[in-house]
Amino acid sequence: MLMNLFAEIDVSKLFGLALRTSISVQAATFALAAVGLNLHYGYTGLLNFGVVAFMAAGAYGMAIFFTQGWLGGSILLAIASGVVFAVVIALSIGLPSLRLRADYLALTTIAIAEVLRISFRSQRLLDFTGGPFGLPSIEDRNANVSFADVITVDWNPIKEGNYGAWFLEFDEKTLWVMIIGWSLVSLASLLIWGLMRSPWGRVIKAIREDEDAARALGKNVFSYKLQSLIIGGVIASFAGIVRAFDMGFVETQQFRPQTTFFIWTVLILGGAASIWGPIIGSMTFWFVIIFSEELLRQMVDSGWIPDAILQSNDIASVRMILMGIMLATLMIWRPQGLVGKKEEAQIDIR
Amino acid sequence: MVSGLKVGLLVALASIGLSLIFGVTGLVNFAHSEMVAFGAVIALLLESTVGLNGALFPLAVVLAVLAGGGLGFGLERGIFGPLRRRKMTNISLMVVSIGLAFLMRYLILIYHGAEPETFESFRIQSGVSLGPIELPAKDYFIIGIAFTTLLMVGLLLQRTKLGTSMRAVSDNPALAESSGIDVNRTIMWVWILGSALASLGGTMIGLTQVVEWQMGEKILLLIFAAVTLGGLGTAFGAMVGGLAIGFASETSTFWLDNDLKFLIALAVMIVILLVRPRGILGVRERLG
Amino acid sequence: MTSDNQASEPVTIESTPGSPKQDPILKIDNVVRSFGGLRAVDIDHLEVQRGIITAFIGPNGAGKTTLFNLITGFDKPDSGKWTFHQLSNAESWTTDLSGLRPHQIANKGMVRTFQLTKSLAKMTVIDNMLLGAAEQKGESLRNALLPSRWQKQEKEILEKAEDLLERFKLSHMRDEYAATLSGGQRKLLEMARALMSEPKLILLDEPMAGVNPVLVESLLVHIENLRDEGVSVLFIEHDMDAIMGISDWIVVLAEGQVIAEGTPSDVSKNPAVIDAYLGSAIAEELKDV
């Protein structure tokens with residue numbers, strides 16, 4: 001029987017797809033958002049359950065600016081406006097709520113993220129956000145220029161064609177966006193590395209350990225928390241922006257609370273409070289998810305798993321179940337994740 | 001207006017457990033709303049598959065409530081109790097509960113399916129008039145059950161030994177322990193009671209609307225809003241908060257777009273957390 | 001064990017509550033804090049002399065820690081005012097501290113420790129120390145990414161930190177996580193860390209509580225050394241031997257008010273103090289002194 005199973009499984013496809021996804025733009029965007037969350041949660045101890053708010057701010061800020069054709073529809077200005085929007089969100093979350101207890105901050109951030117998402121969906125903002133339909137092609141309405149085209153065609157230095165081999169073969173557009181995505185991940189990680197080895201980073205970690213101790217030593221805790229929220233938020237907003245490059249559209253479904261918890265899983269899997277954690281976490285996360293999904297799909301298709309237990313259209317849910325299991329079990333048995341330091345992993349934020 | 005009252009009662013029913021559990025353990029349980037969905041799905045399963053429909057339907061509700069209590073027992077005995085004794089912090093446990101919520105939600109999706117369903121037993125009903133109000137008969141049933149249950153929970157908390165223990169543990173676990181209350185046993189009963197109530201709330205919500213796998217996700221923030229409004233950790237606060245939130249979000253459609261009705265609840269929650277995090281009925285934390 | 005340092009010996013000061021001091025570093029006026037109906041702190045006037053060791057004593061619930069929390073900005077009084085005098089008899093070096101936030105007060109040169117030690121458990125001992133230093137260029141976001149702007153200062157701070165660790169006999173733990181220290185070592189670390197900022201006045205909340213007797217001896221020596229180096233010390237303590245041994249001046253609080261102050265020998269004979277402690281074990285100890 002077991003031999004039979006192995007005969008049915010396309011091992012090359014299994015690993016190929018999983019590897020492909022683990023280096024995809026999607027993995028890069030999750031890593032990027034996790035780098036931002038890492039500064040919030042891993043280093044500063046802020047329980048930000050509204051990561052998607054920053055991603056949505058970046059994506060929508062950029063897309064609205066561009067589709068409205070403001071200031072001549074400049075792409076760089078559009079991206080900048082996405083970032084500015086994220087800063088505004090950080091300030092409006094941070095100014096009133098950073099003095100709250102950790103679990104209250106968690107509830108506040110998740111609620112603010114939902115408020116933002118529901119507002120974007122609203123019929124009243126139809127002209128700007130496209131309401132529930134989103135902005136299916138991010139196109140300058142005056143000049144009829146598609147955002148994705150400018151990024152992936154006009155600005156693409158790579159010659160047309162396919163690169164790589166096997167399941168790791170990408171066309172020039174995908175490759176270009178992958179390069180942008182992973183470059184941003186590297187840049188952001190470098191930034192965090194530089195910050196965390198400085199005296200600034202020392203204060204940030206001290207705030208995670210004990211706010212009052214930091215205060216008693218003359219550190220303006222509130223100001224540092226706000227700085228952390230803004231920097232991490234801007235990094236996460238780039239995750240939203242790159243996701244929009246990749247998909248070519250924005251819509252509110254991309255920014256449901258579950259995306260926040262995907263990013264939490266990525267961070268905890270890789271290891272909070274470590275520089276490599278978000279990167280290793282995202283790559284591993286997508287490898288595991290796609291590997292298991294594909295394995296299940298092949299097993300269901302070949303009749304190895306009877307329909308009564310699992311049908312092929314249920315397989316997408318398995319992704320969420322796996323995420324849930326990973327989040328819960330890692331928290332219990334390996335809070336330091338794959339590459340984090342054990343000594344720094346126990347969370348005791350009050 | 002009556003539908004506002006009805007939704008309010010149901011949100012209150014679903015919220016008490018979350019508040020009680022927070023009160024005695026300090027855990028913000030993100031999986032609580034999945035217990036609401038769980039109750040509804042179990043009742044539906046009993047009705048359609050086992051055949052507890054028509055006059056037997058109340059039995060399906062009772063069994064669903066028992067199953068909910070059993071789930072609460074299982075979660076405390078199997079997961080949260082042991083982890084608490086391992087000295088895991090409430091923040092870590094909160095993250096565990098988030099993982100658990102996704103696990104439960106998507107297991108429900110796989111076994112219940114993506115299609116919303118309604119209970120057969122009360123599908124079509126003509127209105128029954130009572131004074132100036134005309135309602136389907138099931139609404140009297142729902143309002144009656146919800147109201148009676150809330151009243152009984154209130155009595156339980158105020159008048160029984162178990163209720164007193166629950167309030168004592170909620171107030172000060174160390175003091176409760178030293179005055180001879182079995183804290184772990186009390187916490188266990190809180191989980192059972194809270195989950196059973198969530199299940200009941202779920203079946204009732206299923207009766208008024210539909211039973212679907214996303215029920216939990218949809219009601220989660222409503223419950224959080226209710227509980228923070230009333231004051232985290234106080235059962236009566238959850239009742240008042242639930243009524244207020246349910247009422248506000250139902251009646252807001254008079255002056256706000258339908259797709260924005262959740263915003264009211266969320267806005268209330270954010271404002272309360274910022275301005276008066278202990279809620280309207282919560283007491284100020286004592287300073288050392 | 002009292003110091004023979006003539007300048008700081010407040011022999012001419014009257015032993016009455018709220019008496020003026022020759023050279024006060026801290027003045028507290030009409031500070032009130034109530035919880036519910038209870039007045040936890042209610043100080044009409046209190047001055048703390050510069051350059052000496054002042055102890056706050058009083059029965060449990062006397063409001064000692066609450067007063068510490070108030071004057072360091074960790075709690076807000078219902079009313080009241082307190083001023084800090086960085087330099088002797090210099091009006092321009094007087095700061096009104098009321099209404100300031102904790103970090104602002106600390107940066108004026110008045111640094112506190114806590115009753116329950118707040119060592120930063122998941123940071124190394126040396127990082128704990130480095131954090132204590134004030135006015136670090138690299139702590140501002142502008143300079144953080146440019147090590148050239150802060151490395152020189154970091155080196156100086158590091159040297160200072162290592163000196164202090166040496167003095168407090170913690171050098172061997174330099175690179176360990178603070179979580180691995182014993183309770184007494186944490187108290188030492190917290191005190192050493194507070195000294196990194198070179199405070200004018202250090203407030204120690206029960207520095208000896210939970211510390212083993214061997215370490216208590218060395219803690220006492222450290223506190224006396226501080227005084228001899230010109231740091232004013234204000235501390236809360238329950239250990240009567242320690243208080244009588246090293247304090248130059250004692251302030252007795254009961255039910256939120258200053259009921260007596262004076263030199264250790266005056267205070268131990270004061271009937272009001274004996275009254276406040278009557279029936280408690282401390283009263284017995286007081287009589288023995």
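## Strands 4 and 5 of chain C, and their sheet

In this predicted model, strand 4 (residues 79-85) and strand 5 of chain C run antiparallel and are joined by three bridges. One of the places to look is F84(C), whose bridge partner in strand 5 of chain C is T95(C).

Where does this pair belong? Four strands of chain C form an open sheet in the order 2-1-4-5, with antiparallel pairing. Strand 2 (38-49) and strand 5 (94-96) of chain C stand at the edges; each has a single partner strand, so one side of each is left without a neighbour in the sheet. On average, neighbouring strands of this sheet are turned by 15° against each other, direction ignored. Helix 1 (residues 64-71) of chain C packs on the sheet and touches strand 1, strand 2 and strand 4 of chain C. The direction of this helix makes about 65° with that of strand 2 of chain C.

Most residues other than glycine have a negative phi. N30(C) is not a glycine, yet its phi is positive, at about 50°. You will find N30(C) in strand 1 (residues 24-35) of chain C.

E255(C) sits in the loop between strand 9 (249-254) and strand 10 (257-262) of chain C. These two strands make a hairpin with two residues between them. Strand 9 and strand 10 of chain C run antiparallel and are joined by five bridges; V251(C), for example, has E261(C) as its bridge partner in strand 10. With 16 C-beta neighbours inside 10 Å, E255(C) counts as partly exposed.

## Helix 5 of chain C

How far should helix 5 of chain C reach from end to end? Helix 5 covers residues 147-167, and at 1.5 Å a residue its 21 residues should span 30 Å. The C-alpha atoms at its ends are 29 Å apart, which agrees. Follow the helix with your eye and you can look for a kink of about 25°, centred on Q153(C). Just after the helix, K169(C) takes a positive phi of about 55°.

Which residues of helix 5 of chain C are buried? They are W150(C), I157(C), A161(C), L164(C) and L165(C). Their cover includes helix 3 (125-132), helix 4 (141-144) and helix 6 (183-195) of chain C, together with helix 10 (199-209) of chain A.

At 1.5 Å a residue, its 17 residues (51-67) should span 24 Å, and its end C-alpha atoms are 24 Å apart, which agrees. This helix is mostly covered, with 17 of its 17 residues buried. Just after helix 4 of chain A comes G69(A), which takes a positive phi of about 70°.

Over in chain B, V240(B) lies in helix 10 (residues 235-251). V240(B) counts as buried because it has 21 C-beta neighbours inside 10 Å. L229(B) is eleven residues away from V240(B) along the chain, and their C-alpha atoms are separated by 8.3 Å.

## Where chain A meets its partners

Let us start with chain C. Here 23 residues of chain A are in contact with 29 residues of chain C. On the chain A side, helix 9 (172-196), helix 10, helix 11 (211-216) and helix 12 (221-247) each give two or more residues. Helix 10 of chain A provides the largest share, seven residues. By class, this side of chain A has nine nonpolar, five polar and nine charged residues.

Now for chain B. Here 36 residues of chain A are in contact with 32 residues of chain B. Helix 5 (75-97), helix 6 (102-121), helix 13 (257-270) and helix 15 (315-333) of chain A each supply at least two residues of the side that touches chain B. Which helix gives the largest share of that side? Helix 6 of chain A does, with eleven residues. This side of chain A divides into 24 nonpolar, six polar and six charged residues.

Terms used
Residues are numbered from 1 along each chain as its sequence is written. Chains are lettered from A and ligands numbered from 1 in the order in which they are written. This is a predicted model: local features need pLDDT of at least 70, side-chain atom pairs count only at pLDDT 80 or more; totals for chains, interfaces and linings use all residues. The expected span of a helix is 1.5 Å times one less than its number of residues. The bend at a residue is the angle between axes fitted to the seven residues ending there and the seven starting there. A residue is buried if 20 or more other C-beta atoms lie within 10 Å of its own, exposed if 12 or fewer, and partly exposed in between; C-beta atoms are placed from the backbone. Two residues are in contact if their C-beta atoms, placed from the backbone, lie within 7 Å. Ala, Val, Leu, Ile, Met, Phe, Trp, Tyr, Cys and Pro count as nonpolar, Asp, Glu, Lys and Arg as charged, and the others, Gly among them, as polar. Two strands pair if DSSP finds at least two bridges between them. Axes are lines fitted to C-alpha atoms, for helices over the stretch in contact, and angles run from 0 to 180 degrees between N-to-C directions.
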